[in-house]
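This report walks through one protein chain, topic by topic. Please keep the sequence and the model in view while reading.

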Amino acid sequence: MNTGALLQALQHQVQQLAQAIADAPASGVMPPRFDDQLFNQRDSRLSNYLAEVEKNLHQLKQEVDKNRLEQVAFLAERIVAQITALQRELATLNLRKSNTTAVKINSDIYQTLAQHQDYERRLQEMLRDKESQLILQTTLTAQQQIQKELAALEGRLMRCRQALKRIEKQIERRESGL
């Protein structure tokens with residue numbers, strides 16, 4: 001295959017890659033995703049990596065015109081490696097997105113558990129405070145008022161503990177794979 005045909009093949013691959021990146025969801029890429037030697041930048045958008053490939057392709061065409069064979073070989077290998085890396089990134093983009101969603105869901109349920117445990121602790125503290133206030137009350141109406149507040153707090157604590165049990169069961173089901 002002659003040099004012109006190789007350049008056209010590379011140009012065609014870059015065009016296909018550009019279309020695939022344009023069609024891909026607009027989500028970022030983790031900066032250390034590519035080898036440090038492969039790209040000169042650290043960015044979160046695939047389109048910026050594509051721009052570097054296109055710039056290298058333009059430079060390759062100039063080196064071919066100048067007949068610099070070592071530079072041509074180096075740039076051609078680099079462009080092929082960059083295209084391959086971007087194609088691999090595009091192919092695994094949906095997989096990575098679903099993995100991060102699963103991690104987020106798991107961390108959300110553990111965060112909800114921690115939040116409800118904090119609610120339970122605070123309700124227990126409020127109950128203790130109200131019980132100590134009840135002991136100090138001397139009038140019947142004040143005692144009745146605090147007893148109503150205690151009953152309401154006990155109801156809230158009971159509902160909180162029921163929610164905690166539901167969350168813990170949900171975590172158990174997820175961890176056992178059900």
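## Annotated coiled-coil regions

In an unreviewed entry, UniProt places the feature "coiled-coil region" at residues 43-96 and 143-170. The model discussed here is a predicted one.

## Helix α4

Helix α4 covers residues 140-176, 37 residues in total. From its first C-alpha to its last it reaches 53 Å, close to the 54 Å expected at 1.5 Å a residue. At the start of α4, a side-chain oxygen of Thr139 comes to within 3.4 Å of the backbone nitrogen of Ala142. After the helix comes Gly177, which has a positive phi, near 85°.

Which residues of α4 are buried? They are Ala142, Ile146, Leu150, Leu153, Gly155, Leu157, Cys160, Ala163, Leu164, Ile167 and Ile171. An α-helix has 3.6 residues a turn, so residues three or four places apart point the same way.

In soluble globular proteins, nonpolar side chains tend to be buried together. The largest nonpolar core here has 23 residues, and Phe39, Leu60 and Leu86 touch the most other members. Helices α1 (3-23), α2 (46-66) and α3 (69-136) each supply at least two residues of this core. The helix that gives the most to it is α3, with eight residues.

Leu60 shows how these contacts are made up. With residues up to four places away in sequence not counted, Leu60 touches Leu7, Leu10, Val72, Leu75, Ala76 and Ile79.

Glu52 has its place in helix α2. Is Glu52 buried or exposed? Its relative accessibility is 7%, so Glu52 counts as buried. Leaving aside neighbours within four places in sequence, Glu52 is in contact with Leu38, Phe39, Asn40, Gln41, Arg78 and Gln82. One of these, Phe39, is also among the residues that touch the most other members of the largest core.

Glu63 also counts as buried, because its relative accessibility is 5%. Glu63 forms a salt bridge with Arg68, and the closest N and O atoms of the pair are 3.4 Å apart. Arg68 itself is partly exposed, with a relative accessible area of 42%.

## Salt bridges

Side chains of opposite charge can pair when their charged atoms come close. How many salt bridges does the model contain? The count comes to seven.

Four residues, Asp118, Arg121, Arg122 and Glu125, are linked in a network of salt bridges. Within it, Asp118 pairs with Arg121, with the closest N and O atoms 2.5 Å apart. Both residues lie in helix α3, three residues apart, about one turn of the helix. Arg121 also forms a salt bridge with Glu125, where the closest N and O atoms are 2.7 Å apart. Arg121 and Glu125 are four residues apart in α3, again about one turn of the helix.

Asp118 is partly exposed at a relative accessible area of 27%, Arg121 is partly exposed at 40%, and Glu125 is partly exposed at 33%.

Notes
Residues numbered from 1 in each chain as written. Predicted model: local features only at pLDDT ≥ 70, side-chain atom pairs only at ≥ 80, totals over all residues. Heavy atoms only, no water. UniProt positions renumbered as here; feature names shortened; annotations may be inferred. Expected span 1.5 Å × (residues − 1). Buried < 20%, exposed > 50% of the residue type's maximum accessible area, 1.4 Å probe, protein only. Polar contact = N/O pair within 3.5 Å; in protein donor to acceptor, adjacent residues only side chain to side chain. Core = buried A, V, L, I, M, F, W, Y, C linked by side-chain atoms within 4.5 Å. Contact = heavy atoms within 4.5 Å. Salt bridge = Lys/Arg side-chain N within 4 Å of Asp/Glu carboxyl O.
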